[in-house]
Each structure stands twice: as C-alpha cells, then as structure tokens.
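Subject: the structure I promised

Hi,

Could you have a look at it before you read on?

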2 protein chains.
Amino acid sequence: MPAGGHPHAAPTPAHYGMIVRQAEPVNLEMPFGSLDQFVTRTEDFFVRCHFPIPEITRDRWRLRIRGLVQRPVELAFDELQAMPASSVTATLECAGNGRVFLSPSVGGAQWERGAVGNAVWTGVPLGYVLERAGLPAEASEIILTGTDEGEIEAPPRPGGRIRYARSLPLGKATGDVLLAWQMNGADLTPAHGFPLRAIVPGWYGMASVKWLSDIIVTDRPFQGYYQSVDYAYWQRSTGEPSLVPITELHVKSQIARPGPCERVPRGGAYLVRGAAWTCEAEIVRVEVSTDGGLHWSDARLGRHTDRHAWRLWEYDWAIPREPGRTTLMTRAHDSKGRTQPAKRDPDRGAYMINEVLGLDVMVQ
Amino acid sequence: MPAGGHPHAAPTPAHYGMIVRQAEPVNLEMPFGSLDQFVTRTEDFFVRCHFPIPEITRDRWRLRIRGLVQRPVELAFDELQAMPASSVTATLECAGNGRVFLSPSVGGAQWERGAVGNAVWTGVPLGYVLERAGLPAEASEIILTGTDEGEIEAPPRPGGRIRYARSLPLGKATGDVLLAWQMNGADLTPAHGFPLRAIVPGWYGMASVKWLSDIIVTDRPFQGYYQSVDYAYWQRSTGEPSLVPITELHVKSQIARPGPCERVPRGGAYLVRGAAWTCEAEIVRVEVSTDGGLHWSDARLGRHTDRHAWRLWEYDWAIPREPGRTTLMTRAHDSKGRTQPAKRDPDRGAYMINEVLGLDVMVQ
C-alpha cells in the first residue's frame with residue numbers, strides 16, 4: 001500500500017455484479033435477489049454519490065471540529081485512529097430506495113430494491129470527538145460536511161460549488177453516531193467514504209456523510225441543500241405543509257427472492273426470503289401474503305438481531321397448482337408497534353418508500 | 001354596502017395608473033416616479049398575490065387561534081374590532097422589488113421600483129390576541145395563514161392545494177405585529193387582504209399575510225413553502241449554505257425622479273427625489289451621486305420620520321452643461337450603521353435587492 005494512500009484510490013474498478021444507476025457520479029445498487037447473509041459484503045453494498053468521488057490521501061487529510069466550540073480541533077488520521085474505537089452493525093438504506101416502483105414515476109435515481117445494505121462499521125463515537133472540542137450550552141446542531149463537492153443546477157440552489165453536508169440534532173450526534181474508518185473490518189473504500197464516514201444508525205443513508213472533513217457546531221437549525229431541497233419532505237403536523245429534513249428509517253420489509261416476474265413451478269415449494277428493518281426498535285414480525293393481500297401468514301425471523309441492523313426472514317411458500325400471475329406482499333412490524341402502511345403518503349415525494357408493495361411472479 | 005359584504009368585493013376594478021406585472025393572480029406595482037407624499041394612497045399601493053384574491057364576506061369570516069394554545073379561540077370580525085386598536089405607519093416592500101434590474105435576469109415577477117409603499121395600518125396587536133388563547137412555555141413560533149390557496153407547480157412542492165402561510169418567531173409576534181382591518185383609515189380592500197391582514201413592520205412584505213384566517217402556535221421551526229422554497233435564500237454563516245427564510249428589510253434608497261432614461265435639460269436645475277427605508281432603525285443619511293459613483297453628496301431628508309416608515313429625501317442637482325448619458329446613484333445609511341452595499345451577494349437569488357443601482361438619464 002503506498003504511503004498515505006489507499007490501495008483502491010481510483011473510483012473506476014470493480015463494480016462487477018452491481019446494478020449501475022448512474023455512471024458519473026457513480027451510483028450502484030446491489031441486485032437484491034442475491035441477498036444471502038446478514039452482513040452485506042463491501043463489494044455488494046450500494047453506493048450513493050452526489051458528486052465525483054474525491055481523491056483523498058490519508059496523510060494530507062484532516063478532520064476539523066469548528067464553529068461554536070470551546071477550542072477548534074484539527075485531527076490527523078493517526079490521531080483519530082488512536083482514540084477509543086467501537087463497532088456497530090448498522091443497516092443503511094438510501095431514502096430513495098424503491099423509487100422505481102412509484103406511480104406516477106418521479107425523478108431522481110431509479111433505485112429498485114438494492115439501495116440498502118447492512119455492514120459492521122468501526123470508528124470513534126462522534127460524541128467523544130465533540131467532547132474534545134468542548135460544546136457551549138447554546139450548541140444545538142452539528143453539521144457534518146464531506147469533501148465531495150460540485151454545483152447544483154435546478155432551483156432553488158445555492159450559488160457556486162457546495163460540499164455535501166447534513167446536520168444532526170445534538171442529542172443524536174452525542175448518542176450512537178460513529179465516525180467510522182472501517183467497514184466490515186477493512187479500511188473504507190473510496191466509494192464508501194475513505195478515509196472517514198459518519199455512521200448515523202437508524203437514519204436513512206443520506207445522514208451518514210462520506211469523506212467527512214468538517215464538523216461544525218451551530219446554535220440554529222441548519223437548512224443545507226441536502227436537507228431542505230433534497231432529502232426533505234412536506235410534513236403536515238400543523239395542517240400547513242412544512243418542508244422538513246428526512247431523518248429516521250421507516251419500518252420496511254423487502255422480498256429478495258423470488259424476484260419480480262420470476263417464473264416459479266406450479267405445485268412446488270419455494271423458500272421466500274428477504275430482510276426487514278426499522279429505526280431504534282426490533283423487527284418482531286414479518287407477514288407474507290402470496291395472494292395479493294387477501295391472506296397473511298407469519299414469516300420465520302432470522303436469529304441475528306442487532307439494535308441497528310436489519311433482520312433476515314424466510315417463508316415456505318406452497319406454490320399454487322394453477323398457472324397464472326400471483327402477487328407476493330410482505331408487511332413488517334416493529335417492537336414500537338409500527339407497521340408498514342398499505343398506502344403511500346403523497347407528501348413523501350420521491351422518498352421513504354415503505355408502503356406495502358406487490359411483487360408479481362408467474363406460476364407456470 | 002351589502003350586509004356583511006364589502007363595497008369592492010370583486011378584484012376586477014380600478015387599477016388605473018398601476019403597472020400590471022401579472023393579471024391573474026393580480027400583481028400590480030406603483031409607477032414609482034409618481035411618488036409625491038409620505039403616505040401612499042391605497043389605490044397606488046403595490047399588490048402582490050400568489051393565488052386568486054379570495055372572496056370573503058365579513059359575517060362568515062372567522063379568525064382561529066389554534067395549535068399549541070391553552071384554549072383555542074375563534075373570533076368573529078365584530079369581536080376582533082371590539083379589541084383595543086392601535087395604528088402604525090409602516091413601509092412594506094416586496095422582497096423581489098427591483099428584480100428587473102438583476103443581471104443575469106432571474107425568474108419571478110419582474111418588479112421595477114414600485115413594489116414598495118408606506119401606509120397607516122390600524123388593528124389589534126397580535127400579542128393581545130395570542131394572550132387571549134394563552135401560550136404554553138414551549139411555544140416558539142407563530143404561523144400566520146391566509147385564505148388564499150392554490151397548487152404549486154415546480155418542485156420541491158407540497159402535494160395538493162396549499163394556503164399562503166408564513167411564520168414569525170414568538171418575540172416578533174408578541175412585539176409590534178398588528179392584525180389590521182384598516183389601511184389609511186378605511187376598510188382593507190380585497191386586494192390588500194380584506195377583512196384582516198397581518199402587518200409585520202420592518203420585514204419584507206411577504207410576512208404581512210393577507211386574508212388572515214388562522215394563527216397556529218407551534219414549538220418547532222415552520223418551513224412552509226413560502227419560507228423554504230419561495231422567499232428564502234442561502235445564508236453562509238457556518239460556511240455551508242443554509243436555506244433560511246427572508247425576514248427583515250435591508251437598508252435601501254430609491255430614486256423616484258428622474259426616471260430611467262429620462263431626458264433632462266443641460267445646465268438646468270433638477271429636484272431629484274426619492275425614498276429610503278430600513279428595519280428597526282432611522283434613516284440618518286442618504287447620499288446621491290450624479291456621476292456614476294465618483295462623487296457623493298448628501299440629500300436633504302424629509303421631516304416625516306416614523307419608526308417603521310420610509311423617509312423621503314430630495315437633492316438639488318445642477319445638470320451638467322455637456323450633453324450625454326449620466327448615471328445617478330443613491331446610498332442610504334441608517335442609525336444602526338448599516339449602509340447599502342455596492343455589490344450584490346449572489347446567494348440572495350431573486351430577493352432583497354438593496355445594492356446600489358445606477359439610473360441612467362440623458363442630458364440634452
């Protein structure tokens with residue numbers, strides 16, 4: 001490995017087997033039918049980029065903690081790595097995962113089911129680093145900024161080049177958020193945020209800022225492009241629609257196999273498999289319907305559970321004896337009593353697609 | 001006058017002399033060259049509408065105070081009018097006033113200089129009405145909602161029909177904000193918000209919600225369409241652009257006469273006139289340049305001053321003896337030490353146009 005560099009510093013190679021949703025900036029999803037284990041292999045993990053992957057060398061890279069702090073801190077990679085590390089197994093799902101199923105269709109990357117993955121992330125708690133800098137009483141929000149940057153075309157847009165940035169409320173930031181330099185026991189790859197990525201468990205993937213370079217403490221709500229225009233939705237808690245940032249994952253299950261329009265043998269037995277996830281709770285039940293939602297049966301839940309990780313599930317399906325099209329559906333429930341909704345809330349726009357979807361297969 | 005109605009309930013008549021920027025919904029500006037008095041006549045006052053003017057009859061109209069209140073309140077017009085009234089002379093300027101001068105040009109109503117006016121508004125303080133409803137300690141923001149409604153076309157947009165709504169921080173709402181039913185001593189006209197309009201002194205006009213029907217108390221930041229997508233701009237206080245609502249007026253002066261490209265006689269005397277305004281401060285100085293910004297002289301300030309009103313000014317110009325084009329400029333200063341900037345901040349987008357502008361006239 002070259003000094004201070006990374007063995008795979010170029011973003012070009014090795015997306016074999018991934019579905020390319022956009023070539024540049026690179027956006028890749030896992031073929032979800034290949035789901036076969038609790039931890040997603042790094043090379044199978046979806047890649048969401050808003051700008052070109054920045055070329056970063058470790059020895060020149062710095063993490064700056066600034067803004068409303070008692071003492072600004074600048075950390076080299078070695079200093080960061082010398083801090084007490086911990087690991088979390090966390091499922092990240094892109095807020096637009098499943099967008100291709102929306103009708104009417106919407107703009108943005110046309111993700112199918114594979115913009116979700118579950119990995120083991122290792123790093124230092126964000127709260128530990130914030131403590132180093134010292135937070136005044138008025139600190140309320142933490143902005144995480146990546147090294148990736150570019151220009152926005154469509155209005156409303158900030159002028160000039162901007163960097164990818166998202167904020168967290170102080171409580172979340174000093175809670176379970178990790179600044180990770182490892183994914184599945186190895187250095188982060190360039191596509192996954194080398195050398196440092198925030199991991200925000202329980203939130204959609206857009207919060208887990210890659211190529212992290214700046215942590216900015218502020219005393220007011222941050223309304224950066226990626227949480228006011230993009231990755232935001234209309235909430236109607238007062239009756240009047242209010243554009244709020246997308247944050248927490250919504251309870252969801254997905255069928256990995258069979259795949260859409262798969263042909264299955266009539267009268268046969270089929271092991272339906274998939275995964276389910278939620279935010280800050282356990283998946284306690286996954287129901288499966290093989291007749292378009294008329295009848296529901298419980299799936300068997302996988303033994304692996306982890307606070308912030310998905311739960312695999314499977315279901316023994318006795319394929320009907322009559323040929324024809326049939327619709328499979330699943331519905332997950334979590335320990336906080338939340339269930340996947342039957343219908344879509346139109347205010348969610350192109351995001352947070354967790355309503356029950358039908359998957360058609362051909363019995364023949 | 002019909003019982004419970006209004007003599008000019010139809011939005012059609014009598015915009016004689018006004019410049020039509022959009023016919024439906026109606027958007028009108030004053031020909032600013034006609035500025036001749038401290039208080040703008042109601043029929044000369046600019047009209048900014050986002051949706052068709054709602055047809056409202058007083059007897060059926062109600063004002064509701066709801067949300068996070070100790071007791072929801074519903075007020076008929078007579079009940080409101082029985083409350084202790086006060087008056088304020090306040091200048092309202094549309095946040096897009098002067099947009100036609102921007103280069104490169106931007107979308108939106110192409111206001112020239114006339115989307116500004118100064119009127120006497122009479123009504124009850126918003127704070128008085130909020131006290132009736134009772135605010136809990138956690139109340140932090142007050143949403144003002146109009147009766148006007150429609151659909152938004154361009155993304156990011158809330159689905160379905162929305163009403164015009166803006167919010168105020170609690171401190172401002174319980175300060176000098178008025179719920180006005182009179183403008184210049186007469187009932188509000190339909191175009192100006194009949195029967196009730198919020199008047200938010202010192203803020204751009206978009207905060208002074210017309211056809212007011214709902215006051216909603218909340219404990220979180222409101223990011224309605226008209227303060228997150230529209231009437232918002234990119235602020236860079238942390239370095240990262242953050243989309244924040246437009247609020248306070250910026251110090252500004254405008255020349256009323258001469259007008260753009262007016263022909264003036266060489267060697268003659270010309271009384272240059274105009275107005276200047278700011279937020280929560282007094283206009284203490286207006287400078288005039290008649291040579292494109294090389295030399296500046298002080299204008300005479302008008303005797304009328306009022307905390308929230310503009311200040312008229314005039315300047316005796318000795319027109320040069322040589323024919324040709326010359327550029328007039330003005331620059332206002334306020335009692336808080338704020339001055340009109342020479343250059344435009346591109347992050348302001350299509351709003352808050354208070355930079356020093358040149359006005360070309362022809363000496364002949």
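To compare the two copies, I superposed them by least squares on the C-alpha atoms of residues with pLDDT of at least 70 in both. Keep in mind that this is a predicted model.

So how does chain B relate to chain A? A rotation of 180 degrees, with 0.0 Å of shift along its axis, puts chain B on chain A with an RMSD of 0.0 Å. That is how a two-fold axis relates two copies. The two chains use the same surface for each other, since 100% of the contact residues of chain B recur in chain A.

The interface itself

On each side the contact count is 29: 29 residues of chain B touch 29 residues of chain A. On the chain B side, the elements that give two or more residues are the strands β7 (141-151), β8 (161-169), β12 (212-218), β13 (232-235) and β14 (242-245), plus the helix α4 (225-228). Sorted by class, that side of chain B has 16 nonpolar, 10 polar and 3 charged residues.

A sheet in chain A

Have a look at the open sheet of 5 strands in chain A, which runs in the order β16-β23-β22-β18-β19 with mixed pairing. Its edges are β16 (263-264) and β19 (297-298) of chain A, each of which pairs on one side only. Between β18 (residues 283-289) and β19 of chain A there are 2 bridges, and the two strands run antiparallel.

A helix in chain B

Which residues of helix α2 (residues 126-133) in chain B are buried? They are Leu126(B), Val129(B), Leu130(B) and Ala133(B). Their directions cover an arc of only 100 degrees around the axis, so they sit on the same side of α2(B). What the buried residues of α2(B) pack against is a set of chain B elements: β3 (62-67), β4 (73-76), β6 (116-125), α3 (170-173), β9 (178-183) and β11. Just after α2(B) comes Gly134(B), with a positive phi of about 80 degrees.

Two cis peptide bonds are on my list. One joins Pro155(A) and Pro156(A), with omega about -5 degrees, and Pro156(A) is in the loop between β7 (141-151) and β8 (161-169) of chain A. The other joins Glu24(B) and Pro25(B), again with omega about -5 degrees; Pro25(B) is in the loop between β1 (19-22) and β2 (27-29) of chain B.

There are also positive phi values in residues other than glycine. Trp211(B) has phi near 50 degrees and lies in the loop between β11 (197-199) and β12 of chain B. Is Trp211(B) buried or exposed? Trp211(B) counts as buried, because it has 26 C-beta neighbours inside 10 Å and the cut-off is 20 or more. Glu280(B) has phi near 55 degrees and is in the loop between β17 (269-277) and β18 (283-289) of chain B. With 15 other C-beta atoms within 10 Å, Glu280(B) is partly exposed.

Let me know what you make of it.

Cheers

Methods
Residues are numbered from 1 along each chain as its sequence is written. Chains are lettered from A and ligands numbered from 1 in the order in which they are written. This is a predicted model: local features need pLDDT of at least 70, side-chain atom pairs count only at pLDDT 80 or more; totals for chains, interfaces and linings use all residues. Two strands pair if DSSP finds at least two bridges between them. Helices (H or I, at least four residues) and strands (E, at least two) are DSSP runs, numbered from the N terminus. Two residues are in contact if their C-beta atoms, placed from the backbone, lie within 7 Å. Ala, Val, Leu, Ile, Met, Phe, Trp, Tyr, Cys and Pro count as nonpolar, Asp, Glu, Lys and Arg as charged, and the others, Gly among them, as polar. A residue is buried if 20 or more other C-beta atoms lie within 10 Å of its own, exposed if 12 or fewer, and partly exposed in between; C-beta atoms are placed from the backbone. The arc is that of the directions from the helix axis to the C-beta atoms.
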